[in-house]
Number of protein chains: 2
Amino acid sequence: MQHAKVVERFEEFLKGRNLKLTSQRRRLLDRVFATHEHFSAEQLYSWLRGEPGDPVSRATVYRTLSLLTEGGFLATLDAGRGELIYEHVLGHEHHDHILCLGCGRIEEFHDEVIEELQRRACEAKGFVLVSHDLRLRGYCKTCQRRQPASKASDRTAT
Amino acid sequence: MQHAKVVERFEEFLKGRNLKLTSQRRRLLDRVFATHEHFSAEQLYSWLRGEPGDPVSRATVYRTLSLLTEGGFLATLDAGRGELIYEHVLGHEHHDHILCLGCGRIEEFHDEVIEELQRRACEAKGFVLVSHDLRLRGYCKTCQRRQPASKASDRTAT
DNA sequence: TTATTTGCAAACCTTTTGCAAGTGA
DNA sequence: TCACTTGCAAAAGGTTTGCAAATAA
């Protein structure tokens, strides 16, 4: 999706909530859609500090990230490292994640059969499904070389 | 699994690590296996304060929960409510969770086909799978009655 | 003009940790 | 005995919030 379109949608979203398009919000939006990486609030804050532009405080970064998430511009992912990870959504198909326990690397994958089975499992319990997330954890090729084979005692919740 | 057997395993586990069986650890173990509910550290701490027995500090609750998790006695679940949720493992088959966004209720389910597809997805990316968790989020039957149908803007990461 | 935003620093919440006193083996 | 544990309170780490000054519309 072209960036102008994203900005337009954001403006509509703000208007619909009687919110203003400030230079900080605009900078956040631009920066977030300038990368395809997964990032944390702190990461984004640090990018913004290091790049030219109107200063943005940490508080505003958090507030705007929430806003973008509510607006469906961003999605969150808890990678189990104590901080929320964000990724942008528009023009980015739904996918699940594989997390490397060694280096923190995040890979994406998608399996339509799994998706369908999830819908059925939910129905069977009488729930209306709103969202889901599936996280696989293990060691990537690089970390498999560094790391001894994982022992049962290293395993976390499955 | 009978409780005596669980205690025996815990003693072995401690012995193997040169750790001692204190009254606090024993109380924690007993309490945790006395329920089939999912609970948080704070919840457990509050149970212990309200019930007769040797006092157990918050710090010890956290330390012992980590110990029990490492030993494979407990599994953790991040239900997305800001705190870790625990459940006991022994005699409890692996399962995934469905979380109610309305009331926080947690249901369990299991699908062997999904499990197999996860293994394959992991292999395809060159990862060695250690663990996984799948969380479906939606509204349970009770909350569907209370709650208006969910709108797209309510949706969180999928 | 004026309701909304921002930045700052303090507050929050869950979890972890340093340290001196206590205790199981 | 003595290494391991506990409790306390302080610290940590990510995130949220109150408030006065700044700003978009």
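How many residues does the contact take from chain B and from chain A? The contact takes 45 residues from chain B and 45 from chain A; contact means heavy atoms within 4.5 Å. This is a predicted model, in which local features need pLDDT of at least 70, side-chain atom pairs count only at pLDDT 80 or more, and totals for chains, interfaces and linings use all residues. Residues are numbered from 1 along each chain as its sequence is written, chains are lettered from A and ligands numbered from 1 in the order in which they are written, and side-chain values use heavy atoms, with hydrogens and water left out.

**View 1. The area buried between chain B and chain A.** About 4100 Å² is buried between the two chains. Carbon and sulfur atoms give 60% of that area. Buried area is the accessible area (1.4 Å probe) that two parts lose on being put together, summed over both.

View 2. Six salt bridges link chain B and chain A. A salt bridge puts a side-chain nitrogen of Lys or Arg within 4 Å of a carboxyl oxygen of Asp or Glu. One of them pairs R137(A) with D133(B), whose closest N and O atoms are 2.9 Å apart.

**View 3. Strand 6 of chain B meets strand 6 of chain A.** Eleven bridges join these two strands, which run antiparallel. Strands pair if DSSP finds at least two bridges between them. Helices (H or I, at least four residues) and strands (E, at least two) are DSSP runs, numbered from the N terminus. G138(A) stands opposite L129(B). V128(A) has Y139(B) as its bridge partner.

**View 4. Strand 6 within chain B.** Strand 4 of chain B pairs with strand 6 of chain B in the parallel sense, over four bridges. Here I98(B) is the bridge partner of L136(B). Ten of the twelve residues of strand 6 of chain B are buried. Buried means under 20% relative accessible area, exposed over 50%, partly exposed in between (1.4 Å probe, protein chains only).

**View 5. H132(B) and its side-chain partners.** H132(B) lies in strand 6 of chain B. It counts as buried because its relative accessibility is 5%. Its side chain makes a polar contact of 3.1 Å with that of H94(B). Another, of 3.2 Å, joins the side chains of H132(B) and Q118(B).

Notes. Polar contact = N/O pair within 3.5 Å; in protein donor to acceptor, adjacent residues only side chain to side chain.
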